Amino acid sequence: MSWGLCYLCYTCAGCRKKFKYAIDMIAELGDDFGKCPVCGMPGIPESEIAIISGDPTYEEVDT
């Protein structure tokens, strides 16, 4: 059984948006990894999770 991708979950320090980044995007995004997709402020790390299906709590950030 596969657990799917592993994500790091954040809450924005500015606008309080909840979002998540797939860990495999670290190399691609570099210093922008973990920043809010709405306002660009750094996110506050909350948890690391593996997701099989969609999770409505955190919006997934795509490039």
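Which residue takes a positive phi in the hairpin of β1 and β2? I looked this up before anything else. I found R16, with a phi near 70°. The hairpin has 5 residues between its strands. I note here that the model is predicted.

**Entry: the elements**

I listed the elements of the protein and got 1 helix and 4 strands. Read from the N terminus, the order is β-β-α-β-β.

I went through two of the pairings. β1, residues 6-12, pairs with β2 in the antiparallel sense, over 5 bridges. As an example I picked L8, whose bridge partner in β2 is Y21. β2, residues 18-22, runs parallel to β4, and 2 bridges join them. Here F19 has E59 of β4 as its bridge partner.

I kept one general point beside this entry: side chains in a regular strand alternate between the two faces of the sheet.

**Entry: cover and surface**

I checked how much of the protein is covered. Of its 63 residues, 27% are buried. In β2, 4 of the 5 residues are buried, and I noted this strand as mostly covered. The accessible surface of the protein is about 4000 Å². Carbon and sulfur atoms hold 55% of that surface.

**Entry: aromatic rings**

How many aromatic pairs does the structure hold? I counted 5. I looked at Y10 and Y21, which form an edge-to-face pair, 6.2 Å centre to centre with 85° between the planes. Y10 is in strand β1 and Y21 in strand β2, 11 residues apart, and the pair links distant parts of the chain.

Are these two tyrosines buried or exposed? Y10 has a relative accessibility of 8%, and the cut-off for buried is under 20%, so Y10 counts as buried. Y21 has a relative accessible area of 4%, so Y21 is buried by the cut-off as well.

Y21 also pairs with F33. This pair is tilted, with 4.8 Å between the centres and 40° between the planes. F33 is in the loop between α1, residues 26-29, and β3, and lies 12 residues from Y21. I noted that Y21 and F33 are both buried. One aromatic cluster is formed by Y10, F19, Y21 and F33.

I also found a charge over a ring. The charged end of K20 sits over the ring of Y7, 5.0 Å from the ring's centre.

**Entry: salt bridges**

I looked for salt bridges and the count came to 3.

I began with E59 and K17, whose side chains meet at 2.5 Å, N to O. Why does this pair tie together separate parts of the chain? E59 is in strand β4 and K17 is in the loop between β1 and β2, so the parts joined are 42 residues apart in sequence. E59 has a relative accessibility of 45% and counts as partly exposed.

I went on to E46 and K18, with 3.4 Å from N to O. E46 lies in strand β3 and K18 in strand β2, so this pair ties together parts 28 residues apart in sequence. E46 is partly exposed at 38% relative accessibility. K18 is partly exposed too, with a relative accessible area of 32%.

I ended with K35 and D32, which form a salt bridge of 3.6 Å, N to O. K35, at 29% relative accessibility, counts as partly exposed. D32 counts as partly exposed at 44%.

**Entry: looking back**

β2 pairs with β1 over 5 bridges and is joined to β4 by 2. Y21 of β2 is the bridge partner of L8, and the ring of Y21 belongs to the aromatic cluster.

Technical notes. Residues numbered from 1 in each chain as written. Predicted model: local features only at pLDDT ≥ 70, side-chain atom pairs only at ≥ 80, totals over all residues. Heavy atoms only, no water. Buried < 20%, exposed > 50% of the residue type's maximum accessible area, 1.4 Å probe, protein only. Areas by Shrake-Rupley, 256 points an atom, 1.4 Å probe, with all protein chains shown as cover. Pairing = 2+ DSSP bridges. Phe/Tyr/Trp six-rings, centres within 6.5 Å; stacked < 30°, edge-to-face > 60°. Lys NZ or Arg CZ within 6 Å of the ring centre and 35° of its normal. Salt bridge = Lys/Arg side-chain N within 4 Å of Asp/Glu carboxyl O.
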